[in-house]
Amino acid sequence: ALVAERSGDFEEAEKIYKDISAKYPSYIDAHLRLGCVKQVAMEYTDAEHHFKKALETIENKVKRVIPGTNSRSSSYLDALSLLGNLYLEMGELEKAEKCFQDIVKSSKKSKNDCYANLALADIYFRSSLKGSTEKEKKEKFQKAHNIFQTTIERDPKNIYAANGMGVALVLFKQVEAAKKVFKQ
């Protein structure tokens, strides 16, 4: 299935993944890959269904094995990240924000998760451009700026954080500050 997916034969990949998920309903990767295939096909409702199915399956597995435990395993966080990316692609910023906030809040290790934090910064930045009031725009911009800044402090060579901050500063007419960020 993965070979078919990687070679661009999404119909064949979908067929194989569906067969696998029917035969082994608790096989999480089949649901995740089906979600990815559906996302590429821009069948967002189906993609969302498969990502949520993977999350539900992970939660149920964890609860069966160790009742009363938190299901925030790395598999769960990966699935949540895929769902968040889907929402970003769909323009559903509030839903994407919730996914990435859940990742960051899930554990100390995740608080330093550059990918989730930068996704949140991107969401706040996008929201700052769409804000209904100047106050709301400034608040969202400040949240994005703070995340970019923290990420750069943790990893001064993180080009994604530097680029995100630089672009945000330029769009908010702080050109000199942006120049400093880009020069680093």
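Buried residues are those with under 20% relative accessible area, exposed residues those with over 50%, and partly exposed residues those in between (1.4 Å probe, protein chains only). The structure is a predicted model, in which local features need pLDDT of at least 70 and side-chain atom pairs count only at pLDDT 80 or more, while totals for chains, interfaces and linings use all residues. Residues are numbered from 1 along each chain as its sequence is written, and side-chain values use heavy atoms, with hydrogens and water left out.

Helices are DSSP runs (H or I, at least four residues), numbered from the N terminus. E5 belongs to helix α1, residues 2–6. With a relative accessible area of 10%, E5 is buried. Contacts (heavy atoms within 4.5 Å) link E5 to F10, A13, Y17, R33, C36 and V37 when neighbours within four places in sequence are left aside.

E97 is buried but has no salt bridge, and K140, the nearest side chain of opposite charge, is 4.1 Å away. For this assignment, Lys and Arg count as positive and Asp and Glu as negative, His and the chain ends not being counted; a salt bridge is a side-chain nitrogen of Lys or Arg within 4 Å of a carboxyl oxygen of Asp or Glu. Beyond its neighbours within four places in sequence, E97 is in contact with L120, I123, Y124 and K140.

A nonpolar core is a set of buried Ala, Val, Leu, Ile, Met, Phe, Trp, Tyr and Cys residues joined through side-chain atoms within 4.5 Å. The largest such core has 43 residues, and F51, L83, F100 and F148 have the most contacts inside it. At least two residues of this core are supplied by each of α3, α4, α5, α6, α8 (114–130), α9 (134–154), α10 and α11. A second, separate core has five residues, among them A4, A13, L34 and V37.

L83 is placed in helix α5, residues 74–90, and is buried at a relative accessible area of 4%. Although L83 and E48 are 35 residues apart in sequence, their C-alpha atoms are 6.6 Å apart. Not counting residues up to four places away in sequence, L83 touches E48, F51, K52, L55 and C99. With neighbours within four places likewise left aside, F100 is in contact with S81, G84, N85, L88, Y115, A116, A119, L120 and I123.

On the surface, L129, V167, V170, L171 and F182 form a nonpolar patch with about 420 Å² of accessible area together. Patches consist of residues with over 30% relative accessible area and no salt bridge, with like charges joined within 9 Å and nonpolar side chains (Val, Leu, Ile, Met, Phe, Trp, Tyr) within 5 Å; accessible areas come from the Shrake-Rupley method with a 1.4 Å probe, and for residues only the protein chains shown count as cover. Helix α10 contributes the largest share of the patch, three residues. V170 lies in α10 and is partly exposed, at 38% relative accessibility.

Most residues other than glycine have a negative phi. M42, which is not a glycine, has a positive phi of about 60°. M42 is in the loop between α3 (28–40) and α4 (44–65) and counts as exposed at 57% relative accessibility. K173 also has a positive phi, near 60°. The loop between α10 (159–171) and α11 (175–183) holds K173, which is exposed with a relative accessible area of 73%.
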